[in-house]
Amino acid sequence: RVDLMRRQIGPRPGEPIINHLRYLAARGDYGQGDPIAIAQGRFDSFYAPKGNFPVSSTLLVNGKRFLKISRSHTSEQGTVYVALDVTAQVEAEARLADKTAQTQLMVEAVPGAIYQVDSDLNLTFYNESFLELFELPPQQVVEGMPLLNILAFMAERGDYGPGNPLQLAKDRLSAYFFDGPNEAHTWHTSILGGKRTLRVNRSAI
């Protein structure tokens with residue numbers, strides 16, 4: 001019987017990999033439960049010589065690091081396993097999911113229009129109120145498009161008064177540039193020749 005808690009390294013060449021899985025299970029890498037049963041389940045689902053190749057699995061090691069383990073079948077009837085540290089990627093995905101959830105809560109709580117642009121001033125997010133308040137046709141707005149295109153459309157229909165629509169749009173675009181990382185700014189804009197006046201609040205995220 002393997003002394004599960006005293007093992008420090010493994011597996012060693014020639015040693016059954018199930019021993020290493022039992023050590024990891026006893027350490028808590030696979031959650032709570034009987035280490036022997038958990039290790040056997042992990043072995044049957046990923047390491048047993050069956051199933052389709054290649055496959056991959058993500059493992060949290062010792063509560064600190066995420067490894068993506070991929071396997072592929074060799075011509076000699078063996079199996080090659082490759083482990084990559086994907087901790088940064090997993091943590092980034094978790095932060096993005098949390099940020100997305102926060103944005104969704106904000107969208108649901110605020111009755112007005114919400115829209116977001118990236119550092120290149122491309123539209124990355126908007127809610128339905130954005131289309132309604134600015135009276136924009138849905139086919140005119142696509143996530144990823146330059147904000148300048150939307151402003152130019154509004155300038156062409158007369159929102160910003162007489163003049164060259166493209167130049168008027170570029171003048172409006174200047175309000176979206178930040179002078180500092182935490183700068184906030186508020187301005188008013190009229191649409192459809194003064195039919196409606198909107199107050200626009202800008203903040204960095």
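Q: What relative accessible area does R65 have?
A: The model is predicted: local features need pLDDT of at least 70, side-chain atom pairs count only at pLDDT 80 or more, and totals for chains, interfaces and linings use all residues. Numbering starts from 1 along each chain as its sequence is written, and side-chain values use heavy atoms, with hydrogens and water left out. Buried means under 20% relative accessible area, exposed over 50% and partly exposed in between (1.4 Å probe, protein chains only). R65 is partly exposed because its relative accessible area is 46%.

Q: Which residue meets R65 in a salt bridge?
A: A salt bridge requires a side-chain nitrogen of Lys or Arg within 4 Å of a carboxyl oxygen of Asp or Glu. The partner of R65 lies 3.3 Å away, N to O. The pair links distant parts of the chain, 20 residues apart, with R65 in strand β2 (residues 65–73) and its partner in strand β3; helices (H or I, at least four residues) and strands (E, at least two) are DSSP runs, numbered from the N terminus.

Q: How many residues apart in the chain are E135 and R196?
A: E135 and R196 form a salt bridge whose closest N and O atoms are 3.5 Å apart. E135 is partly exposed at 25% relative accessible area, as is R196 at 27%. With E135 in the loop between α4 and α5, and R196 in strand β7 (residues 196–202), the separation is 61 residues.

Q: Is D29 buried or exposed?
A: D29 lies in the loop between α1 (17–27) and α2 (35–47), and its side chain meets that of R27 in a salt bridge (2.7 Å, N to O). Beyond four places in sequence, D29 touches L24, L59, L60, V61 and N62, a contact being heavy atoms within 4.5 Å. R27 is partly exposed at 29% relative accessibility. The relative accessible area of D29 is 10%, so D29 is buried.

Q: Which residues form one aromatic cluster?
A: Rings of Phe, Tyr and Trp (its six-membered ring) pair if their centres lie within 6.5 Å; planes under 30 degrees apart count as stacked, over 60 as edge-to-face and the rest as tilted. The structure holds 4 aromatic pairs, including the tilted pair of Y115 and F130, at 4.5 Å centre to centre and 35 degrees between the planes. Y115 is in strand β4 and F130 in helix α4, 15 residues apart; the rings of F130 and F134 have centres 5.2 Å apart and planes at 55 degrees, so that pair is tilted. The cluster consists of Y115, Y126, F130 and F134.

Q: What relative accessible area does F130 have?
A: Both F130 and F134 are buried. Y115 is buried as well, with a relative accessible area of 19%. For F130 the value is 2%.

Q: Which residues of helix α5 are buried?
A: Helix α5 spans residues 147–156. Its buried residues are covered by elements including β4 (115–117), β5 (123–126), α4 (128–133), α6 (165–173) and β6 (185–191). Just after α5, G158 takes a positive phi of about 100 degrees. The buried residues are L147, I150, L151, A152, M154 and A155.

Q: What percentage of the residues in the protein is buried?
A: The protein has 6 helices and 7 strands. Their order from the N terminus is α-α-β-β-β-α-β-β-α-α-α-β-β. Of the 205 residues, the buried share is 31%.
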